Protein chains: 2
Amino acid sequence: MSELKNDRYLRALLRQPVDKTPVWVMRQAGRYLPEYREVRAKAGDFMTLCSTPEMACEVTLQPLRRYDLDASIIFSDILTIPDAMGLGLHFVTGEGPKFEHVIRSSADIAKLDVPDMEENLGYVMDAIRLTRREIDGKVPLIGFSGSPWTLACYMVEGGSSKDFAKVKGMMFDAPEQMHALLNVLAKSVIEYLNAQIAAGAQSIMLFDTWGGALSQSNYQQFSLAYMQQIVEGLTRENEGRTVPVTLFTKGGGQWLEMMAATGVDGVGLDWATDITAARQRIGDKVTLQGNMDPCVLYASPDRVEQEVASVLAGFGEGNTGHVFNLGHGIHPTVDPENMLRLVDSVHCLSEPYHQSQN
Amino acid sequence: MSELKNDRYLRALLRQPVDKTPVWVMRQAGRYLPEYREVRAKAGDFMTLCSTPEMACEVTLQPLRRYDLDASIIFSDILTIPDAMGLGLHFVTGEGPKFEHVIRSSADIAKLDVPDMEENLGYVMDAIRLTRREIDGKVPLIGFSGSPWTLACYMVEGGSSKDFAKVKGMMFDAPEQMHALLNVLAKSVIEYLNAQIAAGAQSIMLFDTWGGALSQSNYQQFSLAYMQQIVEGLTRENEGRTVPVTLFTKGGGQWLEMMAATGVDGVGLDWATDITAARQRIGDKVTLQGNMDPCVLYASPDRVEQEVASVLAGFGEGNTGHVFNLGHGIHPTVDPENMLRLVDSVHCLSEPYHQSQN
């Protein structure tokens, strides 16, 4: 493997000094880029795009050609595991992900097994291996998975949901059944992420998209406990370097201390959480990732720069411990020029915050 | 007016001793009740239901016939103000509210005026007057409004939105324009709520449905500041009694202290906020309303009762300062029997928490 030329992102996650605040953006390979839409059209359906390593590699690299990003994230979907378990993932335009088979009973859960990583999910590892070759050490490559609770939401609901009636019905009425489901998912996520690390992923993101739909006590029992298992089960070293782990619970701003206590290296913040307050709460334990409101990218480039300045000032002095990102994925209809301004202003405006201590 | 026979809800909001924890439920008059669906079908469209005082009164009273609730809330919609401003509110099945005319420019905003309360919104006051007569002092009647920011979201987006692209674009790019819009809305809400109080509303709820979509600093500037104006502008006394005000920002659990500092009597909690922690944070200043996960009503009646017990225990000892509610509106597909168990268990299980001090 080529030597890593830019390790700013990995260093910041390990709270080592950096010259500038590293930046990457959730969903940076995505629909707002015309070159992505071209590949997506060629692929036909979304799962073909995910499961064809050459295509997944190509769209992973696209944003790096336009922007001076400090990390890349492998193009894939959080629902690859339930698909590999045989649930039949497909995407309906305008409606998001759908499963052909849904999980509603103990019998459904009993049939689920940890998927064979190379046989059923080998396409993800292939995409990682190919991307690591093509990226040629420019920036690190992030691997990822959905959290067990988030996967369970889709598997029980059969797709997206506004109120989580079915999955919460199961959680409240048959908690032991829900725990059985979350257990097999946690085991699968551990194997999946370790396979990604073995294939070349240099950092790991755990996306807990629906953890914020829970009450605090249910979050602890049904989401956080399983993410804790995962953090403990990961091989956090590869190629002689630490593989840092970042946990992001959308809507979890009230539970930052609990997330930091899992032993992760980074905690993702959505934009509802004040980054100054978050740093006071957990900044001595973990690196903070975030947290600009993605809707700022609907405004003018100057306004984008102003907001970047405000997030950087919000984090404040100190030469590490912050990875700049949005507080959620980039929206599909923003102007790619605004993303350019975002990335460049993070680097340009963050330098003074790092100089004094370097 | 008949004398108020049950003032448990008003007393709890003013932190006076009560014998049992009062309970009401957001959207308690609604689609989960077959008798509501009957009236709704007769009305034809939703706005006819809202704007016909006899019908609005009838559906307001329906849940009181089934359940031993401690408060009623006038049946209406949060979007009556923009409709009265001439935006043409209508409801599309499965898509929610839509406006015929949307607000996108300074010129659009300059055309907006505070609506004439009796001419354009008299149907709400008529419904309140009629309901007060019909309810015959059984329980207090709550009046309500959407927050200025929440109304602005619908007026700029033209309906519901997933990402608030347009309203946030305006907020970020043309903040003075957004402030002009919020100003006329705040003035309108003050007049509207004072008219509701004059018509007989005995308590006020301010629903800040979309405040939680903002960052902390934008929440303070674009939502909270206008709610503060409203709290200060309300006539908080009528018929010789205090008219308590409750503020509910969905997703605002990180900002409870700021909400309490507006001078409201009650702060609504969604279910992501731990009620024990919330009481420690602001329980010496305001009454807490909430906060059971509405999805518990998809579970069995016994599980509902268990969760009621858990919320009551979470609030803890002390003979006042808690109004039991869900952390969000009741879902339209729950079993009405579960609502019965909810209301009865709140009364039954809360008695011991109040006895010691009475």
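1. Contacts and conventions. Two residues are in contact if their C-beta atoms, placed from the backbone, lie within 7 Å. The model is predicted: local features need pLDDT of at least 70, side-chain atom pairs count only at pLDDT 80 or more, and totals for chains, interfaces and linings use all residues. Residues are numbered from 1 along each chain as its sequence is written, while chains are lettered from A and ligands numbered from 1 in the order in which they are written.

2. Asn325(A). Leaving aside residues up to four places away in sequence, Asn325(A) touches Val23(A), Trp24(A), Val25(A), Met26(A), Gln289(A) and Gly290(A). Asn325(A) counts as buried because it has 29 C-beta neighbours inside 10 Å. The cut-offs: buried means 20 or more other C-beta atoms within 10 Å of the residue's own, exposed means 12 or fewer, and partly exposed lies in between. From Asn325(A) to Pro294(A), 31 residues along the chain, the C-alpha separation is 9.2 Å.

3. Asn325(A) belongs to strand 11 of chain A. Helices (H or I, at least four residues) and strands (E, at least two) are DSSP runs, numbered from the N terminus. Chain A has an open sheet of seven strands, ordered 1-4-5-8-9-10-11, with parallel pairing. Strands pair if DSSP finds at least two bridges between them. Strand 1 (72-73) and strand 11 (322-326) of chain A are at the edges with a single partner strand each, so one side of each has no neighbour in the sheet. Strand 10 (residues 287-292) of chain A pairs with strand 11 of chain A in the parallel sense, over five bridges. Opposite Leu288(A) stands His322(A), in strand 11 of chain A.

4. Hairpin. Strand 2 (residues 89-92) and strand 3 (residues 96-99) of chain A pair in the antiparallel sense over four bridges. His90(A) has Lys98(A), in strand 3 of chain A, as its bridge partner. Three residues lie between the two strands of this hairpin, and Gly94(A) in the turn has a positive phi of about 80°.

5. Overall fold. Chain A holds 15 helices and eleven strands. Its radius of gyration is 19 Å, close to the 21 Å of the globule rule for 358 residues, so chain A is as compact as a globular protein of that length. That radius is taken over C-alpha atoms, and the rule is 2.2 Å times the number of residues to the power 0.38. The C-alpha trace of chain A spans about 60 × 45 × 40 Å along its principal axes. Of the 358 residues in chain A, 55% are buried. Among contacts in chain A with a separation of 6 or more, 72% join residues 24 or more positions apart.

6. Core. The largest nonpolar core has 242 residues, and Ala152(A) and Ala152(B) touch the most other members. Such a core is a set of buried Ala, Val, Leu, Ile, Met, Phe, Trp, Tyr and Cys residues joined through C-beta atoms within 7 Å. Ala152(A) touches Val167(A), Leu181(A), Leu182(A) and Leu185(A), not counting residues up to four places away in sequence.

7. Interface. On chain B, 26 residues are in contact with 26 residues of chain A. Helix 9 (residues 165-173) of chain B gives the most to the side of chain B that touches chain A, with five residues.
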